[in-house]
Amino acid sequence: TPSIRGLARRRVLLLADGARITSDRSAGAAASFFPPEFIQQIEVIRSAASVLYGSDAIGGVLQIISRDSQNPDTRLGSLNISGHSANQNLNGGISLARKFGNFSMLAAMQVSQAGDYETAGETILNSGFSYATARLAVNYETEKRGLSLSFLKSTGRDIGKPEKANDPNVSSVYPEENANLLNIAYHENALVANG
């Protein structure tokens, strides 16, 4: 759960490509379903932005900007695999990007699974998780206008927040979490002459 200058939960607004991330969690919205491999950049407003975004942005705004299919890497695709021994984390994914004249496409999938984190001989209970996320983005761009369509689907299991007391009987884990993000954008580069 992000915290900006001491404010968190429902006081820091999370955006993904301009769309609000909402949640019924008491801890507030989380972007754990958005893998880092899908992110191009993150923009942060570190002060009150409620005039522009509403009362849920009193602490600030974090916006996730995903990798764009319009400017794909020079390679056709990529494969990534990583792991971590502290929580037996295994992470892997694949992405394919291609440009066909005015059309461009990006398809990506990322899967991650981790057990409970272990540090200094102690196991942090309820810190394990697993998720699978897929994203498809299609763009059409000319000199005058552009149209983009993207869809992100994510399913997570046992995503939660470890308790400070590390008590096995106290848990804030959600057994299953699904996130769907559909984004449609249209823009005109020259709506009026010389404009």
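Start at phenylalanine 34, which touches Ala16, Ile39, Ile64, Ser66, Leu152 and Leu181, leaving aside residues up to four places away in sequence; contact here means heavy atoms within 4.5 Å. This is a predicted model, in which local features need pLDDT of at least 70 and side-chain atom pairs count only at pLDDT 80 or more, while totals for chains, interfaces and linings use all residues. Residues are numbered from 1 along each chain as its sequence is written, and side-chain values use heavy atoms, with hydrogens and water left out.

Phe33, Phe34 and Leu152 have the most contacts inside the largest nonpolar core, a group of 14 residues. Such a core is a set of buried (under 20% relative accessible area, 1.4 Å probe, protein chains only) Ala, Val, Leu, Ile, Met, Phe, Trp, Tyr and Cys residues joined through side-chain atoms within 4.5 Å. Strands S3 (12-16), S6 (60-66) and S14 (174-188) each supply at least two of its residues; strands are DSSP runs of E, at least two residues long, numbered from the N terminus. S3 gives the most, with three residues. Apart from this core lies another, of five residues, including Leu13 and Ala57.

Now for the rings: the whole structure holds two aromatic pairs, meaning Phe, Tyr or Trp (six-membered ring) centres within 6.5 Å, with planes under 30 degrees apart called stacked, over 60 edge-to-face and the rest tilted. Phenylalanine 103 and tyrosine 140 are tilted, because their planes stand at 50 degrees, with centres 4.8 Å apart. Phenylalanine 103 is in S9 (residues 103-114) and tyrosine 140 in S12 (residues 129-141), so the pair ties together parts 37 residues apart in sequence. Phenylalanine 129 and tyrosine 131 are stacked, at 6.2 Å and 10 degrees.

Conventions:
Helices (H or I, at least four residues) and strands (E, at least two) are DSSP runs, numbered from the N terminus. Buried means under 20% relative accessible area, exposed over 50%, partly exposed in between (1.4 Å probe, protein chains only).
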